[in-house]
Amino acid sequence: MSGYQHPTELDQALDALRKDLLRDEGPQISTVRNYNFAILPYDPEDEFKLRRAIHELSETLRDAGWNTGTIPLNALLLARLRAQGSDFLESMIQREKRLTMASDPGRGLRTLKERVVTLLEGPEGIAKDVIREIDRILNERSSNPDRTVIFLGRAGALYPFFRTSALLKHVAGHTRNVPVVLLYPGKVVGETGLSFMGVLPADRDYRPRIYR
């Protein structure tokens, strides 16, 4: 009996991304000039598989002379929350508990979401932190900026507070035009729609190429 397994959609998408990054004429992940973004959707249940695959892809790229960097969005979210101080975190936790125990259990989550969103949205929100990390990575690997790729990972931590389409809008123009790949937990809807975590209504406000 053959042990061959057909490549999954994620395997095929990763292979296409690898080939486009390693093209002889330079990385070709986008069809839009000066907008070097791409999106790699994956089933949220495949989070650990995705991390292993990105680790392997990064090793392949480094073997080919590339620099790679990963920005964990969950760490940036936690840093923003911690920067508000322990009193803020404790008050938010206690308030959510009180509201959750009230007659409307969903009210606690809605209130928490409203407060956290103010810390994340806009050009001064988490996009500012991503731009800072991109600058740090590029400054550390300044010897070869034309062969550098940056992955934005752990985006699931932003659910349900923030849509990643807004993040890419604010980061655009601040990447020195290196390839930036958003690892997107969710599902593709139609040709260009993306449902964050497979739960939120499909968002079609994306310009980058979607690897699928």
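Modeller: Two strands pair if DSSP finds at least two bridges between them. Keep that in mind for this predicted model.

Biologist: Which residue of β3 stands opposite T70?
Modeller: Strand β2, residues 67-72, runs parallel to β3 and pairs with β3 over six bridges. Across from T70 in that pairing stands F151.

Biologist: Which residue in β4 stands opposite I150?
Modeller: β3 is also joined to strand β4, residues 180-189, by three bridges. These two strands run parallel. Facing I150 is V180.

Biologist: How many residues of β3 are buried?
Modeller: Take the two faces in turn. T148, I150 and L152 are buried on one side. V149, F151 and G153 are buried on the other. For residues 148-153, the buried count is six of six.

Biologist: Which element gives the most to the largest nonpolar core?
Modeller: That core holds 37 residues, and V130, I150, L152 and L167 touch the most other members. Elements giving two or more residues include β1, α3, α5, β3 and β4. With seven residues, the top contributor is α6.

Biologist: Is Y35 buried or exposed?
Modeller: The cut-off for buried is under 20% relative accessible area. Y35 has 6% relative accessibility, so Y35 counts as buried.

Biologist: Why is the pair of Y35 and F37 called tilted?
Modeller: The search of the whole structure finds three aromatic pairs. Planes under 30 degrees apart count as stacked, and over 60 as edge-to-face. The ring centres of Y35 and F37 lie 4.9 Å apart. The pair is tilted because the angle between the planes is 55°.

Biologist: Which residues form the aromatic cluster?
Modeller: Start with Y184 and F196, a tilted pair at 5.6 Å centre to centre and 45° between the planes. Y184 lies in strand β4 and F196 in strand β5, 12 residues apart. Both are buried. The cluster consists of Y159, Y184 and F196.

Biologist: How far from the centre of the Y211 ring is the charged end of R209?
Modeller: Y211 belongs to another core, of 20 residues, apart from the largest one. The charged end of R209 sits over the Y211 ring. Its distance from the ring centre is 4.0 Å.

Methods. Residues are numbered from 1 along each chain as its sequence is written. This is a predicted model: local features need pLDDT of at least 70, side-chain atom pairs count only at pLDDT 80 or more; totals for chains, interfaces and linings use all residues. Side-chain values use heavy atoms; hydrogens and water are left out. Buried means under 20% relative accessible area, exposed over 50%, partly exposed in between (1.4 Å probe, protein chains only). Helices (H or I, at least four residues) and strands (E, at least two) are DSSP runs, numbered from the N terminus. A nonpolar core is a set of buried Ala, Val, Leu, Ile, Met, Phe, Trp, Tyr and Cys residues joined through side-chain atoms within 4.5 Å. Rings of Phe, Tyr and Trp (its six-membered ring) pair if their centres lie within 6.5 Å; planes under 30 degrees apart count as stacked, over 60 as edge-to-face and the rest as tilted. A charge sits over a ring if NZ of Lys or CZ of Arg is within 6 Å of the ring centre and within 35 degrees of the ring normal.
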